[in-house]
Every structure is written in structure tokens, then in C-alpha cells.
2 protein chains.
Amino acid sequence: MVDVPALVEQARAGRPRAVARLISLVEGASPQLREVMAALAPLTGGAYVVGLTGSPGVGKSTSTSALVSAYRRRGKRVGVLAVDPSSPFSGGALLGDRVRMSEHASDPGVYIRSMATRGHLGGLAWAAPQAIRVLDAAGCDVVLVETVGVGQSEVEIASEADTTVVLLAPGMGDGIQAAKAGILEIGDVYVVNKADRDGADATARELNHMLGLGEARAPGDWRPPIVKTVAARGEGVEEVVEALEKHRAWMEERGALASRRSARAAHEIERIAVAALRSRIADLSGDRRLGALAGRVAEGGLDPYAAADELVAGLTEG
Amino acid sequence: MVDVPALVEQARAGRPRAVARLISLVEGASPQLREVMAALAPLTGGAYVVGLTGSPGVGKSTSTSALVSAYRRRGKRVGVLAVDPSSPFSGGALLGDRVRMSEHASDPGVYIRSMATRGHLGGLAWAAPQAIRVLDAAGCDVVLVETVGVGQSEVEIASEADTTVVLLAPGMGDGIQAAKAGILEIGDVYVVNKADRDGADATARELNHMLGLGEARAPGDWRPPIVKTVAARGEGVEEVVEALEKHRAWMEERGALASRRSARAAHEIERIAVAALRSRIADLSGDRRLGALAGRVAEGGLDPYAAADELVAGLTEG
């Protein structure tokens with residue numbers, strides 16, 4: 001058994017291995033998961049969670065890396081959670097990227113964690129918020145969550161951030177792709193990366209049009225800014241950070257940050273409750289009850305809804 | 001409100017519109033869903049359910065169409081459920097394909113139904129078994145369920161058939177792709193389609209090797225046959241039907257068919273029960289309980305697991 005309080009203390013003191021260990025404990029179905037979560041709870045709430053999403057090829061990882069640098073220049077501790085199969089941080093490594101993130105690998109103020117999506121996309125919506133809690137409790141001022149804007153769960157993760165950044169790049173019919181993937185509804189800040197390429201202005205215009213940014217809004221409404229960047233050269237990245245801070249300030253002013261975090265917590269609680277009920281049902285699979293009901297359904301003696309009613313009744317009785 | 005008993009009677013009498021209507025009722029969240037399912041239950045169990053899956057481009061739709069012809073020659077009534085975005089039956093049409101299935105479009109012994117996957121893959125594992133029940137109750141002797149072997153839910157649907165056919169085609173590194181998608185574990189019968197192309201023998205050999213078919217097996221174990229076909233010309237299709245019948249006979253001999261159907265029913269019941277519990281939780285979202293818990297979690301006063309416990313306790317009490 002792991003000494004959870006000691007591990008939490010080490011994580012707070014900035015020991016990356018302790019952070020990694022805690023994330024591993026909350027990612028899986030560790031018997032100490034609940035103990036870890038209970039220990040983390042009072043330490044959370046300090047981190048600002050920024051979701052970054054966009055189609056493959058728009059430069060999410062490069063943008064994430066550039067944002068890390070920008071926040072480090074401000075003296076902030078930064079956590080990165082990469083939920084993106086195309087991310088160079090892939091492979092389960094903490095502090096580990098041998099490509100673009102190498103500049104941050106030896107920086108004790110940066111934690112990097114990748115999360116595999118393969119095979120358990122359903123489990124991602126589950127594991128990501130818990131990993132964010134660890135990074136938050138470990139003292140990160142900002143947690144950047146990078147997801148590829150393709151799968152539904154991944155879009156969901158990004159959209160549950162405090163501020164969600166949607167990245168696009170010129171060409172590739174990205175505007176349309178973005179609309180298809182539903183990511184036009186979730187952005188608080190839009191970034192047109194690779195803005196040195198042809199078509200960057202056209203993409204920004206198209207985006208402006210699709211977002212209806214030209215239209216009148218109620219006073220006080222958030223008007224998502226569109227920022228052009230060349231992340232690989234760091235251009236425009238300061239403007240992105242400014243846009244993020246503006247959005248944060250806007251939300252805090254209105255109490256919107258607290259309500260967004262409450263909504264995120266509500267989803268998290270719901271998912272855990274559903275999983276708990278699901279596992280109670282799975283326990284019944286070992287039991288004869290489900291087997292007997294299934295046999296009757298297979299023979300046509302009972303329909304599956306009536307069988308489910310019987311199962312649920314048995315479950316909630318005790 | 002629909003007159004369900006009349007609709008069921010019309011479906012039994014071979015009226016395709018009644019079948020289509022019933023499928024629509026069970027696919028969605030119709031208020032009459034339960035009534036329909038209860039009416040269907042005693043009429044089910046007669047259909048033999050064959051799942052067909054494989055990567056895009058292996059010729060699933062052509063093979064399905066050729067199998068329909070083969071079963072029609074035997075005087076069987078056939079249902080087709082196409083859960084494949086690349087299928088020519090796509091678009092929600094019953095009896096509707098203007099391309100390869102046109103030969104069956106006017107055949108009163110064939111029902112064709114396509115199911116969209118886009119946007120609700122999670123809902124597919126849910127809707128497909130219910131649509132199969134309709135086709136079964138409508139008097140189909142065989143139901144062919146065509147899914148693209150890419151998504152997890154789709155593989156799951158195919159693997160829950162009475163007999164699962166995995167299709168491959170020469171080249172394209174299909175063997176490896178199949179292994180990746182996990183479809184090598186689910187096949188009862190393997191088909192190498194487009195066998196007139198170069199590399200068909202190599203694909204069959206690779207498959208034979210990957211399946212470990214050269215290895216010793218316990219006597220009585222099922223040894224998945226590998227059948228080579230050119231579905232577009234109907235070549236080898238009779239051999240596929242023979243392989244399917246051999247597998248069916250093998251399962252019936254051992255009582256394996258009944259237990260496979262029980263397992264399928266158990267999964268169906270579980271899914272419905274989980275959904276029912278999930279919707280009870282969703283009902284609580286309107287309630288103050290979840291909101292209050294979420295607020296405490298967002299503030300760090302409570303961890304989400306403890307909150308979920310409270311939520312579930314409240315749920316099962318009332």
C-alpha cells in the first residue's frame with residue numbers, strides 16, 4: 001500500500017515522481033483511489049484549467065509548448081495533460097518528450113502527463129478530470145489539457161475546462177471540419193495557428209462569420225477573440241495568454257467561473273455514480289439473478305426492459 | 001399513439017412498412033418502446049443472427065448482398081441491418097439501396113435497414129439489438145448485421161451475433177489491421193474476399209498463422225474456417241453459407257447457441273438497467289441535491305467519490 005499522505009506532501013513539494021505516481025493511482029482502478037481523491041480535495045481549486053483542442057495538424061502540441069513557455073516566463077507552475085494520440089508527449093511519459101517539449105523536460109516548474117486514448121475513449125472522460133485534480137493539488141497555477149478535437153469524449157474534456165481554446169490552421173477546409181466536430185460551440189478563445197501561411201486571413205474571416213461575431217450581442221456577453229499565431233516561432237502566444245486572462249477575469253466578475261466548475265464537478269459526480277451503479281450490476285452478473293433473467297429473455301419469455309426493471313428493483317432494494 | 005398489436009401483426013404478415021415503423025419505434029426513445037418490446041418478446045428466437053465485420057474496402061456490402069441471394073435461393077426470409085457508414089444501404093432507407101442491393105429491393109422476403117453511426121456510436125450498441133428483435137419477430141429466418149470493424153461498439157455488435165464473420169481482402173496490410181482492431185478474436189468464420197486479386201493466398205496464410213490454426217486444439221473445439229470468395233461474382237458464397245451452417249450446428253450440439261444468446265440478452269439487460277439508473281440520476285440534476293454536492297466538490301470541501309456515494313445513497317433510498 002502506498003503512503004498517500006506522504007505522496008501528496010511530496011507532490012506539493014514539487015517532486016515529479018510523486019505527481020506521476022498519484023496520477024497513476026487515480027487513472028486506474030487502484031484500491032487507494034478513494035483515499036487519494038479524499039486527500040486531494042482540500043488542495044484543489046487553485047489551478048486554472050485551459051482546454052486546447054483542434055483537428056490533427058493544426059499545431060496543438062507546438063501551441064501547448066509555447067503556452068508553457070509563456071506561463072513559465074510569468075513564473076507560473078504549469079501542468080500539461082496531453083490527451084491526444086498524435087501528441088509528441090504520448091507514451092505515458094511524465095516530464096518526457098524527446099521532441100518539441102524537450103525545452104521543458106528539465107524544468108521543475110512543469111509537469112507533463114500524457115494519457116492514451118486508444119481502446120478506452122469512454123474511460124477518458126473519467127480519468128482526465130482526476131488527473132487534472134492531481135496537477136491542481138500538486139500546486140500547478142495553470143493546467144493545459146490538450147485534446148484532439150475529433151472524438152466526442154475529447155471535445156467534452158476540452159469543453160469542461162475553465163477556458164477552452166479552439167485551434168485552427170489555414171486551409172484544409174478547417175472551418176467546415178470544426179463546425180462538423182461541434183467545436184465551434186465550445187471555444188472561448190479561437191486561435192488561427194500557422195498564420196504565416198496562405199489563407200490565414202481567410203480562415204479567420206470564415207471563422208468570424210461562422211461564429212456570428214459580426215452580429216450584435218447583449219452587453220456583457222463574452223465575444224470569443226480570434227488570435228493569429230505562429231506557435232513554432234512563439235508569435236502571438238502572448239496575445240493568447242492575454243485573451244485567456246481576459247476570459248478568466250470576465251468569468252470571475254460574473255461568478256461564471258464558480259458555476260462552470262460546479263457544472264464540471266456535477267458531471268464528474270454523475271459519471272462516478274453511474275459507474276458505481278454499473279459495477280453493482282456487474283456484481284450481479286456473478287449472481288444467478290442476471291443469468292436467470294437473461295435466459296428468460298433469450299427464450300422470449302420476457303422482454304429486456306421488463307428484465308432490466310426487475311434487475312434495478314433488486315439492486316435498489318439492497 | 002400507434003396500435004402496436006396491429007403493427008406487429010402486419011409485420012408478421014410481411015408488410016415492410018410495418019417492420020420499418022417498428023424499428024423506428026425501438027430505435028428512438030418512443031414512449032411506446034416498452035409496449036413494442038413486450039409485444040415482440042414472445043415472437044423472437046427464430047432468427048439466426050449473423051454478424052459481418054471488416055475494415056472499409058473489404059467488400060462487406062457486396063458480401064452481404066451475395067449472402068442475401070444465397071439464403072433467398074434456400075427460400076429463407078432475410079433481414080439486413082447495416083451499421084456501416086460506408087454501406088450503400090445507408091440513409092435510413094428500408095428496402096432501399098439504389099446500388100448493389102437493388103436486386104433485393106423488390107423482394108418481399110428481404111428487409112433491409114440501415115442505422116446511422118454518426119454522432120451516437122454509444123447508442124448503437126443499444127439500438128442494434130432492438131432492431132434485430134424486430135426483424136426476428138417479423139419472421140426473418142436469418143438476420144445479417146453488417147458493421148464496419150473499426151469502432152469498438154461496432155465490433156461489439158458483430159461479436160454478439162450467433163455467428164460472426166470477419167471479412168478481409170488481399171493487401172492493405174489487412175491482417176495487421178485486423179489484429180489491431182481486435183477482430184481476430186471474434187471471428188467464427190473468416191472470409192478472404194476479392195480472392196481473384198494478388199495476395200489472396202498470402203492473406204489467407206497470414207490469417208491462418210495469426211489465428212494459430214496450425215496449432216493443436218482440444219477435440220471438439222471450433223476451428224474457424226477461412227473461406228475465399230469473390231463476392232461480386234458470387235464465387236465462394238455457398239461455401240460461406242455452409243460454414244455458417246456448420247458453425248450453427250456445432251453450437252447447437254453443445255448448447256453453445258443458447259448460452260451465447262443468454263450472454264447477449266444479459267448485456268442487453270445490463271445496458272438498459274444502466275441507462276435507467278443514469279436517467280434517474282439525470283432527474284436529480286434538476287433537483288438541488290446534485291447541485292449542492294457539485295458546489296461542495298468545486299470548492300474542495302468534498303471529493304467527487306464521496307459525493308457520488310451520497311448521490312447513490314439518495315437514489316436507492318427513494
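Q: In this predicted model, what is the handedness of the crossing of α1(A) and α2(A)?
A: The two helices are α1 (residues 4–12) and α2 (residues 16–27) of chain A, whose axes come within 8 Å and cross at roughly 130°. Angles over 145 degrees would count as roughly antiparallel and those from 65 to 115 as roughly perpendicular, and α1(A) and α2(A) are therefore oblique to each other. The crossing of α1(A) and α2(A) is left-handed.

Q: How many residues of the contact of α1(A) with α2(A) are nonpolar?
A: On the side of α1(A), the contact is made by Leu7(A), Val8(A), Gln10(A) and Ala11(A), while α2(A) contributes Ala18(A), Val19(A), Arg21(A), Leu22(A) and Leu25(A). Of the residues in this contact, one is polar, one is charged and the nonpolar ones number seven.

Q: Which strands stand at the edges of the open sheet in chain B?
A: The sheet has seven strands, paired in parallel, in the order β3-β2-β4-β1-β5-β6-β7 (chain B). Neighbouring strands of this sheet are turned by 20° against each other on average, with direction ignored. One side of each edge strand is left without a neighbour in the sheet, because each has a single partner strand, and these strands are β3 (110–114) and β7 (226–228) of chain B.

Q: Which helix packs on the sheet, touching β5, β6 and β7 of chain B?
A: Strand β6 (residues 189–192) of chain B pairs with β7(B) in the parallel sense over three bridges, and Val191(B) stands opposite Val227(B) in β7(B). The helix that touches these two strands and β5 (163–168) has a direction making about 155° with that of β6(B), and is α9 (residues 200–210) of chain B.

Terms used
Residues are numbered from 1 along each chain as its sequence is written. Chains are lettered from A and ligands numbered from 1 in the order in which they are written. This is a predicted model: local features need pLDDT of at least 70, side-chain atom pairs count only at pLDDT 80 or more; totals for chains, interfaces and linings use all residues. Side-chain values use heavy atoms; hydrogens and water are left out. Axes are lines fitted to C-alpha atoms, for helices over the stretch in contact, and angles run from 0 to 180 degrees between N-to-C directions. Helices (H or I, at least four residues) and strands (E, at least two) are DSSP runs, numbered from the N terminus. Angles under 35 degrees count as roughly parallel, over 145 as roughly antiparallel, 65 to 115 as roughly perpendicular and the rest as oblique. A crossing is left-handed if the near helix is turned anticlockwise from the far one by less than a right angle, and right-handed if clockwise. Contact means heavy atoms within 4.5 Å. Ala, Val, Leu, Ile, Met, Phe, Trp, Tyr, Cys and Pro count as nonpolar, Asp, Glu, Lys and Arg as charged, and the others, Gly among them, as polar. Two strands pair if DSSP finds at least two bridges between them.
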